[in-house]
Amino acid sequence: METLKELYEYFPTSIYTGKALVFISEDWKIELTEHQNTDFSRKNKSCPIIRVKVYKKALNGEFLPGHYEDFQIDVMGELASQIERYIQAAVGRNIREFPENV
């Protein structure tokens, strides 16, 4: 969860739930979760995988899961930049425009 805590500094509009970073708006919900690489054949410990899930609000008000992408980039600034670009392309909006604490 250390990587998520570091990403929280890059994305101040996110909400840290203890297990995920969440961005939420009227139409979208974006969830970032951290997973460890379970390839035990590797001697060197690799960086964790950050999974970015995109949910779209349905007409009934529920958030339906859409697509997701896994990111595994060692450099925190580059990781945050690539995640931000992915989210912007997925929802057509900059995550810095998401309202805080909706």
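## Charges over aromatic rings

The charged end of Lys56 lies over the ring of Trp28, at 4.7 Å from the ring centre. This arrangement, like every other described here, belongs to a predicted model.

## The salt bridge

How many salt bridges does a search of the whole structure find? The search finds one. It joins the side chains of Arg51 and Asp70, with a distance of 2.6 Å from N to O. The partners come from distant parts of the chain, 19 residues apart: Arg51 belongs to strand E4 (residues 49-57) and Asp70 to strand E5 (residues 63-71).

Side chains of opposite charge can pair when their charged atoms come close. Asp70 has a relative accessibility of 32% and is partly exposed. Arg51, with a relative accessible area of 23%, is partly exposed as well.

## Aromatic pairs

The structure contains two aromatic pairs. In one of them, the ring centres of Phe11 and Phe23 are 5.6 Å apart; the ring planes stand at 80°, so the pair is edge-to-face. The pair links distant parts of the chain, since Phe11 is in the loop between helix H1 (2-10) and strand E1 (15-16), while Phe23 is in strand E2 (residues 21-24), 12 residues apart. Both Phe11 and Phe23 are buried.

Phe71 and Tyr86 also form an edge-to-face aromatic pair, with 5.6 Å from centre to centre and 70° between the planes. Because Phe71 lies in strand E5 and Tyr86 in helix H2 (residues 76-91), this pair ties together parts of the chain that are 15 residues apart in sequence. Phe71 and Tyr86 are both buried.

## The largest nonpolar core

In soluble globular proteins, nonpolar side chains tend to be buried together. The largest nonpolar core in this model has 20 residues, and those that touch the most other members are Leu7, Ile30, Leu32, Ile50, Val52, Ile83 and Ile87. Two or more residues are contributed by each of H1, E2, E3, E4 and H2. Which element gives the largest share of this core? That element is H2, with seven residues.

Ile50 illustrates how such a residue is surrounded. Apart from its neighbours within four places in sequence, Ile50 is in contact with several residues, among them Leu4, Leu7, Leu32, Phe71, Leu79 and Ile83. Its contacts also include Thr33, Glu34, Glu69 and Asp70; Asp70 is the residue that meets Arg51 in the salt bridge.

## Two residues in their surroundings

Thr33 is found in strand E3 (residues 28-35). Is Thr33 buried or exposed? Its relative accessible area is 12%, so Thr33 is buried. The side chain of Thr33 makes a polar contact with the side chain of His35, at 2.9 Å. When neighbours within four places in sequence are left aside, Thr33 is in contact with Leu4, Lys19, Ala20, Ile49, Ile50 and Arg51.

Ala90 is located in helix H2. With a relative accessibility of 22%, Ala90 counts as partly exposed. Not counting residues up to four places away in sequence, Ala90 touches Trp28, Val54 and His67. Ala90 and His67 are 23 residues apart along the chain, and their C-alpha atoms are separated by 8.9 Å. Trp28, another residue that Ala90 touches, carries the ring over which the charged end of Lys56 sits.

How values were computed. Residues numbered from 1 in each chain as written. Heavy atoms only, no water. Salt bridge = Lys/Arg side-chain N within 4 Å of Asp/Glu carboxyl O. Helix = DSSP H or I, 4+ residues; strand = E, 2+ residues; numbered from the N terminus. Buried < 20%, exposed > 50% of the residue type's maximum accessible area, 1.4 Å probe, protein only. Phe/Tyr/Trp six-rings, centres within 6.5 Å; stacked < 30°, edge-to-face > 60°. Lys NZ or Arg CZ within 6 Å of the ring centre and 35° of its normal. Polar contact = N/O pair within 3.5 Å; in protein donor to acceptor, adjacent residues only side chain to side chain. Contact = heavy atoms within 4.5 Å. Core = buried A, V, L, I, M, F, W, Y, C linked by side-chain atoms within 4.5 Å.
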